[in-house]
Structure formats: structure tokens, C-alpha cells
Amino acid sequence: MYKAYAYTEHGGPEVETFLDLPVPEPGPGQLLVAVRAAGVNPVDWKLRAGKRRPGQGPLTGPEVLGSEVAGVVERVGAGVTGFAPGDAVFGNPVAGAGGYAEYTLLPTGTAAHKPDAVPFTDAAALPVAAATAYDGLRQLALPAGATLLITGVGGGVGVAAAQLARHFGLRVVGTASAAKKEFVESLGAVHVARGPRLAERVREAATGGRVDAVFDLVGGDTLAEVADLLADRRGRLITAAAKETVAELGGAPVARARNAAVLAEVARLAETGVLRPHVTATYPLDRADEALRAVEDGHARGKTVIEVTG
């Protein structure tokens, strides 16, 4: 048996609970991984609240929270090549298996080897946050020197997006709370505080008053307002937060690759120091509820990670 933090029905935090579950056997193409760290993301509480992934059926039993992990391979399933027990890995768990747990299952298609120089806590921040940022920037394909606006730049995806955008030669303007100004500027971005007249203040902050693309991580009224900064939104307005809204505005959701090649690339960028996940808060597994509340409340700075004792 192993400990896991899960939800047994859709709803608010009250449906979350710790469970003792039987250790699963890895199926074909899967890895059984002893979790060392799990990233905490907004998608975790959204899934608990009732969102379902494309192709995912209704909730039929407990689903473990957590969409990104790093750990050590315990066993491999049939047909697995390139991985062996004892390998340090990171990736996206099988739907329902989750990462807030002592064990999880990783499909080899969304798993990669963890570089020795990257700590487990940093590696656990790569499969969702860093990979989403990487996918979004590749989707925008902006030339060096262009100006990118990132809304919600102070969170996990935003932190990665700002660093990668700067690495790709872009100018970055980022919106975040006033309290995150110094942190945002440390990423090489121009900070614009949330609040009234946001689009106008972004224009004032941008070089020449021009924004070439928007990478939205907030949705809602913020997305609708900053969309007006773009004369042509096709291919220049993307979101990881509001798929329906961005379609109405003429933009597109981030097209996620969800493959091992992207994971390997963000790991390389982390290993070489280009990308720092900025893990600013860690919690032990028995405080997983506190970790998720910190992210769900919307005040987390950088990345929040759950550490699991090995």
C-alpha cells in the first residue's frame, strides 16, 4: 500500500482526502515510479472541481491529484525500452494516477531522464509549467526583438515563459500583482501591475508602445482587455487559461506537444542554467492540502512543489 492525496468526487477542497492505495503494476509502455517530488498547478484543482481532459471519461473512482512528477523508476512494463529500475525520471502521470503520492505510473511517451544536475524539486516543475511555456513560445514563433506580453507572469508557467522568451531574444512585459514587481523584474521582464487601465499601462511600458503577441495565463476580463493590444490576433494571441474565451477573441489555446522530446529539451535548458523553475515553496506530502490551497488561492509566487521522502 502507498499514501496518496486524492479526490473521490468532484467538488471543492472538501472532497480531497488521503488514501492508502495498492501499489499498481506498470502496464505496457509504463513506468512505476517512486515519487520524490510533485509540482502543484492550477489544473490540479480544476480537475478536482470537474474539468475533464479530452477523451477522459467520467469519474469512476478515486483520482490522485497532481499532473507532474519526478522520481525513481521501480519497475517497467512490457515493451519498455530506454528506461530501467533505478533511473531518475520526470514526466506526466497516467490520468488518475497523479503525483501527490508515494508512487505513480508514467507513460514512457511523457517521461524523460532527469539530468543529474537538476534536483528532483526542479525537475518536478518542468512537465506542466515549463513545457507549457516552451510549447506556447514555439507556437508564437516570434522573431528576436519582438515584444511579448505575458499575463500572470509571476506563476509557474509565467516564470518559465519569461525566461525562455528572454533566451529566444524577445522583449517581455509581464502583468502580476504589485507585490511581485521585484520578482518579475528579476526575470528580465518589465512589470505592469494588475488593475484598471491595464492595456493602456502595458502600452506605456512596451518599447514604442507596441506589443507583438500575448501569452495569456489569466483568462477572464484580463484576456479580453489585453487582446485589444493586437491589431491581428491570429497566431499572436494564445492562452493556457481560457480556451473558449480566446476562440471568441480570434486567438487560440496553447497547442501542447505532450511528448518526451519537449521534456528532454526543457531538461536540457534547466541543466544549462537557461531555465530556473524558481521553486519558492515546498511542502511534505502530508501537507499536500496546504500546497494546493496556496496555488488555488492565486497568490503563489513562482513554483510550489510537494516533496516525498524517499
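Mentor: Let's start with I238, which stands opposite A252 in β14. This is a predicted model, where local features need pLDDT of at least 70, side-chain atom pairs count only at pLDDT 80 or more, and totals for chains, interfaces and linings use all residues. Residues are numbered from 1 along each chain as its sequence is written, and side-chain values use heavy atoms, with hydrogens and water left out.

Trainee: In which sense do β13 and β14 pair?
Mentor: Strand β13 (residues 237-239) and β14 are paired in the parallel sense, over two bridges. Strands here are DSSP runs of E, at least two residues, and helices are runs of H or I, at least four, numbered from the N terminus. Pairing takes at least two DSSP bridges between two strands.

Trainee: And what's the strand order in the open sheet?
Mentor: The six strands go β11-β10-β9-β12-β13-β14, with parallel pairing. At the edges stand β11 (190-193) and β14 (252-253), each with a single partner strand, so one side of each has no neighbour in the sheet.

Trainee: Switching to helices: at what angle do α3 and α4 pack?
Mentor: About 50°, with the axes of α3 (residues 126-140) and α4 (residues 156-167) 8 Å apart. Axes are lines fitted to C-alpha atoms, for helices over the stretch in contact, and angles run from 0 to 180 degrees between N-to-C directions.

Trainee: Which residues of α3 meet α4?
Mentor: A129, A130, T132, A133, Y134 and L137 in α3 meet residues including G156 and V157 in α4; contact means heavy atoms within 4.5 Å.
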